[in-house]
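Student: Could we go through this model together, starting with its charged pairs? I'd like to see how each answer is reached.

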Amino acid sequence: MRNKGAILTLVIALTLVCLYQLSFTFVAVNIRNQAKEYANDDPVKEEKYLDSLANESVYDILINDFTFREVQEREINFGLDLKGGMNVILEISTIDVIRSLANNSTDTTFNKALALSKEKQRKTNKDFITLFGESFEEVDPGASLSAIFTSQELRDQVKPGTPNDEVLRIIREEAHGAIDNAFNIIRTRIDQFGVTQPNIQYLDTKDRILVDLPGVKNKERVRRLLQGTANLEFWETFQNAELIQNMYQADAMVRDYLAAQKKSKTVNRKEEVVVSEEPAAVKDTSESLSLMDQIKSDTTLGDSIPQSIEETYPLLSILRPMQDPQTRQPFQGAVVGIARMKDTSKINYYLQLAIEKKMFPREVRFMWSALPDLDENKKPTDLYRLYAIKVRSRDGQPPLDGEAIVSASQEFDEASGFAYVLMNMNAEGTKKWAHITKENLKKVICIVMDNKVYSGPTVQTEIAGGSSQITGSFTINDAQDLANLLKSGKLPAPAHIIQENIVGPSLGERAVREGFSSFLIAFIVVLFYMIFYYSRKAGLVADIALLANMFFIAGVLASLGASLTLPGIAGIVLTIGMSVDANVLIYERIREELAAGKGVRMAVSDGYKNAYSAIIDANVTTLITAIILYIFGTGPIKGFATTLWIGICTSLFSAIFITRLIFERLLNKNREITFATNLTRNAFKNVNINFIDRRKIAYVISSAIVLISIGSLIIRGLDAGVDFTGGRNYIIKFDNPVETHQVADLLTNQFGETPKVITFGADDQVRITTRYKIDEDGAELDDEIQQLIYTGLKPILGSDVDYDTFYDKYWQSNQKVGPTIADDIKRQAVVAIFVALIFMFLYIILRFRNWQYGFGAVAALIHDALIVLGIFSLFYGFMPFSLEIDQAFIAAILTVVGYSINDTVVIFDRIRENFTIYPKRERKEIMNLALNSTLSRTFSTSFSTFIVLITIFIFGGEVIRGFVFALLLGIVVGTYSSLFVATPVVYDSIKKSEKRKENKNRT
C-alpha cells in the first residue's frame, strides 16, 4: 500500500478534529444533566440554572475558554423534529415595496400590472419584478414607468423619460436593498428573543427567508415577532357616543343585505345588492334594546345566540355595543364594541359593507385590540375590543408614527401587576406629541402597531417631555417583545409566513427515542451480519470501518453546525447500508482473487485495486442524488441530504483506507484472515442464471406492473399532502382511542367544511388536515384556527381541559403550507427528478462511452419511479399508515434513483471489465457472466440495506414511516430492475443499433 504513512497521518488528524468538535456536545450534555439534578424536575429552576451559566466559562481546552452559550453553539444541533421548535419560511412582500416606491399610485395600468404579476407568479419561477415589467408592457404597451415611480427614494434616479428597462433595474436594486434590510431586522429580533442555535438564511428566491428556531414553545410570540412590521402609529379617535346610533343603523342595513342574499339564493357574498341609500330605520329603539338584553353580556359572548336574534341583529348579536345595560347610555371612550376572536372576520366584513354604504363618517377606520380582555382572575379571555380611529389626513397617514421613537424599554408596574413599554421620542416627535395631546384632552389616543391597538389611554394633560408609555395587560414577555420590535426597527415591507412547521417538545422527545432506537438496532444487525457472512476477522474489520464512519459523520456534522433531523438519522442509517456496499465490493473481489488461487496478501491487494472503479462509480451516482436533494430541498429534506453526502464521503474514506490499514497490519503480523464462513463460503458460487434469455418474461412482468401503475395514477391519482396542495396539518394526541369520523364531524361544525382526519400512528393520535382560510395571512388567523380546533374537540377532551392544557398536553405539532409555496414545491419536485435523471444519464455516458448504457440505466430508473408511484397510488387509504405525497416522498424517490443506479453501475462496471478480459466472447455471455458474478454483492448490499430500512420502518415512528416505505419499495424494485431491466435494455439497444448499421452498410 502506497503512502501508508500519509494516510495514517490523515486518519489520526481527522480523528483528533472530530474529537475536538464532539467534545462540545459532551460538555453541553453534562452541564444539562447537572442542571436537571440541581433543579430536581423543576423546569423553571433548571432554566434559571442554565441561564446563569450562559456567559460563564465552562470549558477550558488548549488556549481557549468557552462560555456555556459558546459551547451550545458548537454542539451537534438537533433539528426541530427531534428537539421541538418552529421552522418557518417568510416571504417579504415585494409587491408592497413596489407600491411604496410608486407612492401607492392609483394608476389603473400600474394596479392591473401588479394583479396580473401576482397571478403569473404562481405559474413560474421568475422573480416578481421581471413579471411586473412584462405585465406592465402587456397591459399598456408603450406606457412609461417613469411617470409612476416618483417617490422620494427614486427622485434622483428616475427622471421623466427614463426607459422602462432602467426603471425596472432601479426598482430591483431598491427592492433587494429593502429585503436585505428586512433580513437584518428579522435577525436582530431573533437575537434579542434569545433562541439557542437559530438558523436564518435566504432561500433561492431573494424575497424568501428560512428561519429555524429550535426549542421555542410560544409560537404566538414567534409569529408576532417575525410578521410584525413594527409600524407604530399614534391616532386620534371617535368617541363611542358619536357612533352608537350608526352601529344600530349598520346592523339594520346588514340584516336587509343578508335577507336579500338569502332571497336571491346567491352564494357570492360580494354580489351587489340594491340597498336604499337612506340608512335603514330602527323601528322601535326600546324594543330593539330589550331584545338585545337577551344576548349574553359576559365572556360567553356569541355562544348559543337564538337564531331569530342573530337574523334580526346580525352585527350586534356578535359585536356587543359599549353601553350601560341599565341606562342604555353609551360608555365613554373609543371602544365601540367587544367580540370573540372567531367572530372578528365576520364583523370586519359587515362593517366594510356599512362603510361602503356610508353608514359611518368618512374619517372612521376600525381596528381591533392586540391583546384580549382579562377576566376577574386576570387571565386572558377570548374577547377583543373594537376601536374607532379618526383619520384626518387625506393621504390616510397618522399624525405621528414610529419614526419619532429613539428608544424603547420594558418596565413593570407593581401597582397593576402588568408590564409596559416606555418610549422616548426625538425633538420633532416630542413637538408633535405635545400638540396632539394638547388638542385631545380628556379624549383617547390609540397607540397602534401593525393595525392592532396596543394601548388606548385617555389624555389627562399635555405631554411635553417626549416620553410615552404603551400600557395594557402585558406580561413581561409581551412588553419585552414589543420593545424589541420597536428597537429593531420597522420592516420596509410586510413579511408573511407562507410555510410553517411546529413540533411540540413531547413529539420531539418521542422522535429522538424512536429515531435512535431504530438506528441502534439497525447498526447492531448490520455488525452481526458482516461477521456472519464474511467471517469473524474480516467482518470485524468492516465493523470497525462502520464505527469509524459513524464517528466521522458525527464529527463533521458538529464542525459544520448542521442540524441532525429525523430524516437525517434515516440518511445516516442508509449510509450504513452504503458503507457496507463498499466493503462488500472489496470483499467479493478479494474472494474472487482467492478462488483464482492467489495468496491472501496478493488477493487483498488486487481485490482493493479491482473494486475501486465500481466503488467510485456507485458512490458518485448517489452523491449526485444527495447534491440535488440539498439544492432543491428545505428543512428536514436538506438535513437528509446533508447526512447522506457526508456519509458517502466518510464511508468511502473508512472502507478504502481504514480497512486497508488494518489488513496491512494483520498481514504484517502473519495473522490468518478468511473472507467467508463455512455457511457462506459457497454462497452464489457456480450460479449460472441466463438473465438475457429470460429478459422477455421480465419485460412482460415489468410492463404489466407499469401499466397498472400508470392506470392507477390516471384514475385514482395520488394522495397529495399539504406540501403540494397548500393547507394546514395538526397532530393531536388524546388520552384514549378516538374515531376519525367523530373528530371530522366535530370540526366540520367549526370550519364550515369537512377536514381530512386520519389515524396517525396509535389509535389515540390523529392528524387533521384543512384548507380553512389558507389564502389569508396573519398571526391572529393561526390562533383563531387553533382555538376553533380546541372548541370543536372539547366534547372529546372534556370540560376540565382548558386551552393552555390542550396546547401543552394534547397538541403535538402543526404544519402550514401556503398556496404560493405549494406551487413552487411542485415545480421544484418535477425539476429535481428531471435534473437527477439527466445527470445520471450524462454520467453513465461519460464513464462507459456508450449511450446505450445511459439509456438502459435511465429506463430502469423510470421503471422504478413509476412502480413506486403506482403502489402509492393503488394503496393509499388502505394501508395502516400515511401514503401521502410530500417533500419527503420526493426525497425518497430521488434516493431510490440513486440506489438503483448504484446497483446498476456495479454490474455495468463488471461488464466493461469482462469485455476487456474476454474480448472474443459473445456479448450475451459476457453480460450474463457479469450479472452472475455480482449476484453475491447484489444480495449482500440489498439485504443489509433492506434490514436497516425495515428496522427504521418498524421502530422509527410514524413521522417517517411513509418515507421509509418508499425507500423499502425502491430497494426491492431497484434490485429487480438492475438485474432484469437495465442490462437487458442495454443488450437490446446495442443489438438494434448494430442491425441498423448492418442494414445501412448493405445498402
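Predicted model: local features only at pLDDT ≥ 70, side-chain atom pairs only at ≥ 80, totals over all residues.

Student: What do the side chains of Asp606 and Lys609 meet in, and at what N to O value?

Tutor: Residues are numbered from 1 along each chain as its sequence is written, and side-chain values use heavy atoms, with hydrogens and water left out. A salt bridge takes a side-chain nitrogen of Lys or Arg within 4 Å of a carboxyl oxygen of Asp or Glu. Asp606 and Lys609 meet in a salt bridge, N to O 3.8 Å.

Student: Which helix do Asp606 and Lys609 both lie in?

Tutor: Helices are DSSP runs (H or I, at least four residues), as are strands (E, at least two), numbered from the N terminus. Asp606 and Lys609 are three residues apart, about one turn of the helix, and both lie in H19.

Student: Is Asp606 buried or exposed?

Tutor: Buried means under 20% relative accessible area, exposed over 50%, and partly exposed in between (1.4 Å probe, protein chains only). Lys609 has 54% and counts as exposed. Asp606 has 10% relative accessibility, so Asp606 counts as buried.

Student: How many residues apart in sequence are the parts that Glu75 and Arg32 tie together?

Tutor: Glu75 forms a salt bridge with Arg32, with the closest N and O atoms 2.4 Å apart. Glu75 sits in the loop between helix H3 (68-74) and strand E3 (77-78), while Arg32 is in helix H1 (residues 4-39), so the pair ties together parts whose separation in sequence is 43 residues.

Student: Why is strand E11 largely enclosed by the rest of the structure?

Tutor: Look at burial along residues 383-390, the span of E11. Strand E11 is largely enclosed because the buried residues number seven of the eight.

Student: How many bridges join strand E9 to E11?

Tutor: Two strands pair if DSSP finds at least two bridges between them. Gly337 has Leu386 in E11 as its bridge partner. E9 (residues 335-340) and E11 run antiparallel, and the bridges joining them number five.

Student: Where in the protein chain is confidence lowest?

Tutor: The chain averages a pLDDT of 80, and 88% of the residues score at least 70. Confidence is highest in helix H21 (residues 695-715), at 93, whereas the lowest mean, 42, belongs to helix H11 (residues 285-292).

Definitions and conventions. pLDDT = per-residue confidence, 0-100.
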